Amino acid sequence: MADSGEVIRVFDMEDSKMAKPLLPDDLWERIEPLLTPLPPHPKGGRPWVSNRQALTGILFVLRTGIPWEVLPQEMGCGCGMTCWRRLRDWQAAGVWKRLHEMLLAELNSADKIDWTRAIVDSAMLRAMCGGPKTGPNPTDRRKPGSKHHALTDGNGIPMVVILTGANVHDVKELIPLVDNVPPIRGRRGRPRRRFDRVQADTAYDSQQHRNALSRRNIIPVIPKRNREHGSGLGVYRWVVERTLSWLHQFRRLRIRWERRDDIHEAFIAR
């Protein structure tokens with residue numbers, strides 16, 4: 001079994017070279033303090049799979065989309081169910097939420113977050129095993145599906161991603177997306193969580209929701225239906241579409257295999 005401090009790498013079959021590490025040292029240094037230390041084995045027994053090994057196995061499943069039970073033992077990450085249980089426990093403990101807020105604070109400190117606008121959009125995905133937060137997909141012959149609703153800053157940095165059934169209309173998640181932006185530190189003064197404006201496409205056309213944004217001192221920039229094209233919003237909106245495309249490059253997010261919604265949401269947060 002690999003040493004817990006070893007950076008486990010994945011073999012690239014195309015060019016027969018060693019690929020980049022799944023869990024680089026600098027990322028692990030940020031994550032490690034957030035994880036609960038493993039309890040000792042005072043009476044002996046099989047040693048625990050280290051947190052770093054388990055997290056490497058989780059990342060491998062996330063990127064490749066393989067079933068948990070076929071996680072390669074050669075990686076030294078333990079069995080798939082060990083990694084699954086760690087992911088479940090870390091999600092319940094709020095580890096990924098704290099990591100996300102920490103990374104956003106670093107970006108905010110470096111003035112990398114564009115607070116002048118937030119951009120929202122959604123993307124469909126198939127839900128092969130059903131479960132909570134699924135519904136008939138209107139774009140896939142009503143097969144079970146889910147939807148990722150995302151809010152990014154003006155640069156495309158993901159601020160909030162919400163999981164719902166595929167049949168939930170986009171506009172219903174507009175206000176939850178805005179209200180779930182975490183308080184972001186990193187600069188002097190109170191943590192910030194409000195953008196100057198919110199931009200979206202015509203799927204979010206609703207006067208009720210425009211008014212709700214205005215009450216939050218946010219300018220709604222949402223085109224109305226049945227108007228001529230050429231609003232110019234595409235100049236800004238493409239970044240959220242790019243972010244959703246990046247998320248779905250992880251095969252475990254492109255198709256939802258988890259019946260439990262908390263496990264899929266853990267993958268999203270990760």
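## Burial and surface

Of the chain's 270 residues, 45% count as buried. The model is predicted. Its accessible surface comes to about 14,900 Å². Carbon and sulfur atoms hold 51% of that area.

## Fold content and contacts

The secondary structure comprises nine helices and nine strands. Take the contacts in the chain with a separation of 6 or more: 61% of them join residues 24 or more positions apart.

## Confidence

The average pLDDT of the chain is 88. A score of at least 70 is reached by 89% of the residues. Residues 1-18 have a pLDDT below 50. Beyond near neighbours in sequence, that stretch still has 35 contacts in the model. Those contacts belong to a stretch with pLDDT below 50, in a chain that averages 88.

How many cavities of 30 Å³ or more does the count give? The count comes to one. The volume of the largest cavity is about 30 Å³.

Which residues line the largest cavity? Val 178, Val 181 and Val 198 are among them. Ala 118, Leu 151, Phe 195 and Ile 218 also belong to the lining. So do Arg 193 and Arg 194. By class, the lining has seven nonpolar residues and two charged ones. It has no polar residues. Arg 193 and Arg 194 supply the charged part, because Arg counts as charged.

Definitions and conventions: Residues numbered from 1 in each chain as written. Predicted model: local features only at pLDDT ≥ 70, side-chain atom pairs only at ≥ 80, totals over all residues. Heavy atoms only, no water. 1 Å grid on protein atoms, 1.4 Å probe; cavity = no way out; pocket = protein on both sides within 12 Å on 5 of 7 lines; lining within 4 Å. Points joined across faces, edges and corners; volume = space filled by probe spheres on them. pLDDT = per-residue confidence, 0-100. Contact = heavy atoms within 4.5 Å. Helix = DSSP H or I, 4+ residues; strand = E, 2+ residues; numbered from the N terminus. Buried < 20%, exposed > 50% of the residue type's maximum accessible area, 1.4 Å probe, protein only. Areas by Shrake-Rupley, 256 points an atom, 1.4 Å probe, with all protein chains shown as cover.
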